[in-house]
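Dear colleague,

I am passing on a structure that you have not worked with before. Please look through it first, and then read my notes below.

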Amino acid sequence: MPAGPRLTGRAARGATGVNTGQIISGVGHLALIGWALIGGVFQSAPPPFEVVQATAISEEEFAAIMDRQSAPDAVADVDTPEPPAPGEAAPSLSSEADTPPEAAQPDASAIPPPDPAPDVSQITPPAPAEVEDAPPVMEVPQEDTAVMVPEVSPRPQPRPAPRVAPEAVARPEPDVRVDDVASPEVTPDEGAESAEEPSEATAPEEAATEIVTEAEEPAQAAPSASVRPRSRPARPAATAEAEPEETPQPETTTEPETPATDQSAVNDALAAALGQAQQSSQAPSGPPLTGGEKDALRVAVQRCWNVGSLSSEALRTTVVVGVQMAESGRPEIGSIRMLSASGGGDAAAKQAFEAARRAIIRCGNDGFDLPVEKYDHWRDIEMTFNPENMRIK
Amino acid sequence: MMRYMMSLLAALMLWALPAIAQNSGPLRIEITEGVIEPMPYAVPDFVGESATATEMGRNLSRVIASDLSGTGLFREIPAQAHISRITSFESPVQYADWRAVKAQALITGAVSVDGSGRLVVKFRIYDVFAGQELGNGLQFVGTQDGWRRIAHKVADQVYARITGEGGYFDSRVVYVAESGPKDQRAKRLAIMDYDGANVQYLTDSSSLVLAPRFSPSGDRVLYTSYETGFPRIYVLDVASVGRRVLPTMDGTMSFAPRFAPDGRTVVYSLTQGGNTDLYRMDIGSGASTRLTNAPSIETAPSYSPDGRQIVFESDRSGTPQLYIMAAGGGEARRISFGQGRYGTPVWSPRGDLIAFTKQSKGRFHIGVMRTDGSEERLLTASFLDEGPTWAPNGRVIMFTRETQGAQGQARLYSVDISGRNLKQVQTNGGASDPSWGPLQN
């Protein structure tokens with residue numbers, strides 16, 4: 001086998017085909033270059049003519065202009081400064097400048113002594129204000145009582161609500177029997193061990209004959225207080241079947257078949273849970289504030305919580321402030337008190353509390369937007385003012 | 001199956017027990033976000049008991065308002081907006097009128113002149129929205145010429161009662177007053193109130209003076225002078241303007257002095273044989289102790305408030321950086337690791353922060369960092385900011401800012417450590433190298 005590189009068949013074909021391709025390519029490029037040179041591709045268009053306004057002048061005027069532009073006459077005699085006399089000695093430099101200086105000092109007597117420190121003493125507190133902030137109550141003049149206006153305006157009668165139709169149409173045959181309590185249809189199950197009494201499905205009415213708009217709804221449409229959980233029912237001494245007595249069930253409802261032991265265990269657990277929750281007789285009734293309502297209160301207070309003037313230590317102090325609220329949503333100013341403080345000393349806690357108190361009073365001046373029907377839930381509020389996010393970083 | 005369902009229900013009820021019990025207590029909310037804005041306040045003219053006192057009362061209230069509003073923490077409600085007029089110091093305050101103009105704090109006062117010609121200034125501070133007085137009223141008695149000091153002291157009290165930290169208005173600043181063109185600038189030591197009033201010159205401009213530093217009690221000033229052609233450290237008594245040069249070795253240059261908190265020791269830089277190290281000197285005996293011994297340049301030392309440590313500048317790592325060592329010398333630890341060059345560190349009077357000058361990317365900054373080097377914050381940025389000094393309460397920093405160009409001039413500026421309230425301190429002409437003194441007694 002001969003040594004050296006071997007061309008594969010494809011490479012060998014390529015080597016022979018290159019000559020023909022190079023000839024065609026060379027001819028083509030020569031034609032393109034020739035066309036570009038002869039055809040004037042690289043020749044740019046001649047620039048446009050510049051038009052300059054010229055004015056014809058006479059020989060005298062030209063001579064006058066040339067006279068003004070002629071160079072000034074040169075002055076041959078120039079005063080040159082005399083060189084310094086060679087005899088003057090240069091000032092001697094000495095590095096022995098360590099002797100005590102005798103620099104001119106400002107006259108001490110010219111500087112007035114600093115102002116003496118003033119004496120400090122406490123002054124007696126002022127007399128309590130005799131003027132109340134409340135606006136004066138204007139007495140109603142008796143003689144000016146308007147006689148044309150009735151003392152009590154008649155209560156406007158509610159207008160009859162528009163009806164859906166001038167006349168009630170015949171109601172279609174209902175799928176279920178109208179009843180106050182919804183109950184599913186019961187059909188006998190062939191596989192069941194105990195036979196159930198078949199009954200018809202019932203449901204309350206889904207529509208009214210009158211349209212009542214939102215504006216016409218009574219303000220107290222929603223229940224002001226939810227039903228308080230009932231106390232633990234008395235445990236039967238010995239029952240074979242537990243039948244709920246509190247909620248009347250329609251006849252068609254089936255009776256639970258839960259064994260008595262399971263039911264009693266659940267009752268025990270429920271009673272334990274609810275019993276502890278009801279220890280306080282002052283427990284608020286009704287639904288608690290929603291997260292949105294709490295957020296609204298928090299945003300309202302933090303809008304007035306100005307920590308810009310607090311010290312660094314006060315900005316490290318978290319205070320818990322208690323406040324009692326009036327039903328109008330305004331804080332009772334006298335009830336605002338510091339419940340606890342952490343993170344700083346007494347002085348810092350005092351400043352932090354005062355800033356928190358200002359926030360509550362300022363933004364509560366017009367009353368916080370709190371639901372009146374839940375007043376029991378926000379009669380007493382504990383606000384924790386945590387300035388961690390407000391520190392200088 | 002039913003048994004499991006019931007058990008699960010019972011477990012859920014037990015789990016929900018705390019939530020049920022929660023409803024029985026007060027409503028609890030947590031406030032974590034607030035606002036940072038100046039507190040609006042009103043300071044009507046102090047009531048004067050005579051024509052002279054009335055004029056003085058007006059001046060006092062203006063200086064107090066200038067002090068408080070100048071901090072950036074307070075905003076004055078102008079007198080034109082007032083509804084109530086304070087005509088008697090003892091009259092009850094109409095809180096509703098001040099609440100109506102959104103004033104959160106009210107300062108009232110009265111001025112009189114006693115039989116010996118001394119000025120008597122009484123004042124009270126009220127929390128308008130709480131409807132009660134903040135603390136007890138106070139009374140200052142002083143000379144009539146010292147009325148500005150009395151006004152500063154009233155403002156200090158207001159500041160302390162509202163913010164919870166000490167004020168800094170009744171304090172003075174020593175600095176280098178500059179005049180003349182940039183290439184032929186005359187410099188002399190001057191002292192002034194913190195707000196630029198009552199300027200007094202301590203030296204003439206016959207020689208170059210640098211870097212004055214107040215003593216902890218404010219009665220003396222250390223500074224560097226080139227009177228002899230070499231930098232030497234002098235100590236000057238502020239009251240008598242008498243001075244003396246601190247002893248040093250021949251053939252050395254000493255500069256960058258600063259008092260220890262005890263007022264009896266001075267730490268400074270000394271250059272000998274081309275090497276600069278830190279030394280400590282007892283002013284009374286003149287005995288010096290060497291604190292560092294490195295071929296690099298160690299300078300700009302500053303004591304911690306307890307006197308146990310020294311922060312200084314060194315280029316031992318190749319670029320100027322900040323280091324902390326024990327007051328008696330020894331191993332130093334580096335605390336600055338950011339990009340750029342750090343210099344002129346100064347320990348805060350509170351001890352929690354170190355202010356410094358930083359040069360980075362062609363600009364100069366005044367910044368602060370924790371003493372371990374963490375939480376570095378740059379407060380300013382300009383063509384040339386340098387030489388920070390702390391207010392007595394550690395809340396404000398004063399420094400030198402020099403503008404660019406041949407007409408550039410050095411001025412004093414101050415900035416809150418939060419980076420807010422950057423403003424120029426009013427001085428007559430150029431000023432540099434400030435050193436903030438302590439609160440006056």
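In this predicted model, an open sheet of mixed pairing is built from 4 strands in the order β5(A)-β4(A)-β6(A)-β1(B), where strands are DSSP runs of E of at least two residues, helices are runs of H or I of at least four residues, both numbered from the N terminus, and two strands pair if DSSP finds at least two bridges between them. At the edges, each pairing on one side only, are β5 (337–342) of chain A and β1 (27–31) of chain B. Neighbouring strands of the sheet are turned against each other by 20 degrees on average, direction ignored, with axes fitted to C-alpha atoms (for helices over the stretch in contact) and angles running from 0 to 180 degrees between N-to-C directions.

Within the sheet, β4 (residues 318–324) and β6 (residues 380–385) of chain A pair in the antiparallel sense over 6 bridges, and Val323(A) has Ile381(A) in β6(A) as its bridge partner.

Helix α4 (residues 291–302) of chain A packs on the sheet, touching β6 of chain A together with β1 of chain B, and its direction makes about 50 degrees with that of β1(B); contact here requires C-beta atoms, placed from the backbone, to lie within 7 Å. Helix α5 (residues 346–363) of chain A lies across β4, β5 and β6 of chain A, at about 40 degrees to β4(A).

Chain A holds 6 helices and 6 strands.

Residues are numbered from 1 along each chain as its sequence is written, and chains are lettered from A and ligands numbered from 1 in the order in which they are written. Because this is a predicted model, local features need pLDDT of at least 70 and side-chain atom pairs count only at pLDDT 80 or more, while totals for chains, interfaces and linings use all residues.

Note on methods:
Contact = placed C-beta atoms within 7 Å.
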